[in-house]
Amino acid sequence: MEDKKESCLFCRIARGEIPSYKVYEDNEVLAFLDISPASRGHTLVIPKEHFPDFTLCPKNILAHCFEVAQLIAQAQIRQLGATGTNVLTNVGKSAGQTVRHFHIHVIPRYEDDGLQLAFPPHRLEDKEMLLLQDSIRKGV
Ligand code: 5GP
Ligand code: ZN
């Protein structure tokens, strides 16, 4: 784990070893502009401590990160003229996670920005929906 933290990109940003455009910082949480923004003002919110992803982040720190994400979303709307925001976090390679340090994307949206975060519509049979409901409920 120590080696991971040494080389982890977002740990290095949190320690100030790699520069970033910070927009918010407190003792536990940092928010900075994404280097390759999906839209104007795209911001990442991270815990300063290393947790690989959303599922592995302790809930008090998770809650704190989401509070900061809300502040960022409000600021994007107030200050940048955004008319909406997508708040999301990728977990695992299959979901597109490329940096294994938990982060929340706060992506401001503008009318006609052309950005596509598509969920193609799917329908499942009632039987399958019931099986899925049962499996997930059992695990919660
Ligand atoms: P993921 O794909 O893991 O959900 O998101 C990682 C994000 O980190 C990407 O949107 C990518 O543009 C951003 N990113 C990668 N390297 C850097 C960096 O060195 N600095 C900053 N500010 N963002 C980065
Ligand atoms: Zn890290």
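Phe 54 is partly exposed, with a relative accessible area of 34%. The cut-offs are under 20% for buried, over 50% for exposed and in between for partly exposed, with a 1.4 Å probe and protein chains only. This is a predicted model, where local features need pLDDT of at least 70, side-chain atom pairs count only at pLDDT 80 or more, and totals for chains, interfaces and linings use all residues. Residues are numbered from 1 along each chain as its sequence is written, chains are lettered from A and ligands numbered from 1 in the order in which they are written, and side-chain values use heavy atoms, without hydrogens and water.

**Aromatic pairs**

- Rings of Phe, Tyr and Trp (its six-membered ring) pair if their centres lie within 6.5 Å; planes under 30 degrees apart count as stacked, over 60 as edge-to-face and the rest as tilted.
- By this rule there are three aromatic pairs.
- Phe 10 and Phe 32 are edge-to-face, because their ring centres are 5.5 Å apart and their planes stand at 80°.
- Phe 10 sits in helix H2 and Phe 32 in strand E2 (residues 29–33), so this pair ties together parts 22 residues apart in sequence. Helices (H or I, at least four residues) and strands (E, at least two) are DSSP runs, numbered from the N terminus.
- Phe 10 counts as buried at 6% relative accessibility. Phe 32 is buried too, at 3%.
- Phe 54 and Phe 102 form a tilted pair, with ring centres 6.3 Å apart and planes at 50°.
- Phe 54 lies in the loop between strand E3 (43–47) and helix H3 (59–80), and Phe 102 in the loop between E4 and E5, so the pair ties together parts 48 residues apart in sequence.
- Phe 102 is buried, with a relative accessible area of 0%.
- Ring pairs join Phe 54, Phe 66 and Phe 102 into a cluster.

**Zinc site**

- Which residues coordinate the zinc ion (ligand 2)? They are Cys 8 (SG), Cys 11 (SG), His 50 (ND1) and His 101 (ND1), at 2.0 to 2.3 Å.
- Donors are N, O and S atoms within 2.8 Å of the metal (3.2 Å for Na, K and Ca); water is not among the atoms, so sites may look incomplete.
- The arrangement is tetrahedral, because the four donor atoms subtend angles of 106 to 116°. Four donors count as tetrahedral if all angles lie between 85 and 135 degrees.
- Ideal angles for four tetrahedral donors are 109.5 degrees.
- The donor spacing in sequence is C-x2-C-x38-H-x50-H.
- Cys 11 and His 101 link distant parts of the chain, 90 residues apart. Cys 11 is in helix H2 (residues 9–14), and His 101 is in the loop between strand E4 (84–88) and strand E5 (104–109).
- Cys 11 is buried at 4% relative accessible area. His 101 is buried at 0%.

**Salt bridges**

- The structure holds seven salt bridges. A salt bridge is a side-chain nitrogen of Lys or Arg within 4 Å of a carboxyl oxygen of Asp or Glu.
- Arg 15 and Glu 17 meet in a salt bridge, 2.7 Å from N to O. Arg 15 is partly exposed at 39%. Glu 17 is partly exposed at 42%.
- Salt bridges link Arg 12, Arg 15 and Glu 17 in a network.
- Glu 25 bridges to Lys 48, with the closest N and O atoms 2.8 Å apart.
- Glu 25 is in strand E1 and Lys 48 in the loop between E3 and H3, so the pair ties together parts 23 residues apart in sequence.
- Glu 25 counts as partly exposed at 39% relative accessibility. Lys 48 counts as partly exposed at 24%.
- Lys 138 and Asp 134 form a salt bridge, 2.8 Å from N to O.
- Both Lys 138 and Asp 134 lie in helix H4 (residues 126–139), four residues apart, about one turn of the helix.
- Lys 138 counts as exposed at 65%, whereas Asp 134 counts as partly exposed at 37%.

**Surface patch**

- Tyr 21, Val 23 and Leu 33 form a nonpolar surface patch, with about 320 Å² of accessible area together.
- Patches are made of residues with over 30% relative accessible area and no salt bridge: like charges are joined within 9 Å, nonpolar side chains (Val, Leu, Ile, Met, Phe, Trp, Tyr) within 5 Å.
- Accessible areas come from the Shrake-Rupley method with a 1.4 Å probe; for residues, only the protein chains shown count as cover.
- Val 23 belongs to strand E1 (residues 22–25). Val 23 counts as partly exposed at 44% relative accessibility.

How values were computed. Four donors count as tetrahedral if all angles lie between 85 and 135 degrees; four count as square planar and six as octahedral if opposite donors are over 155 degrees apart and all others between 65 and 115; anything else is irregular.
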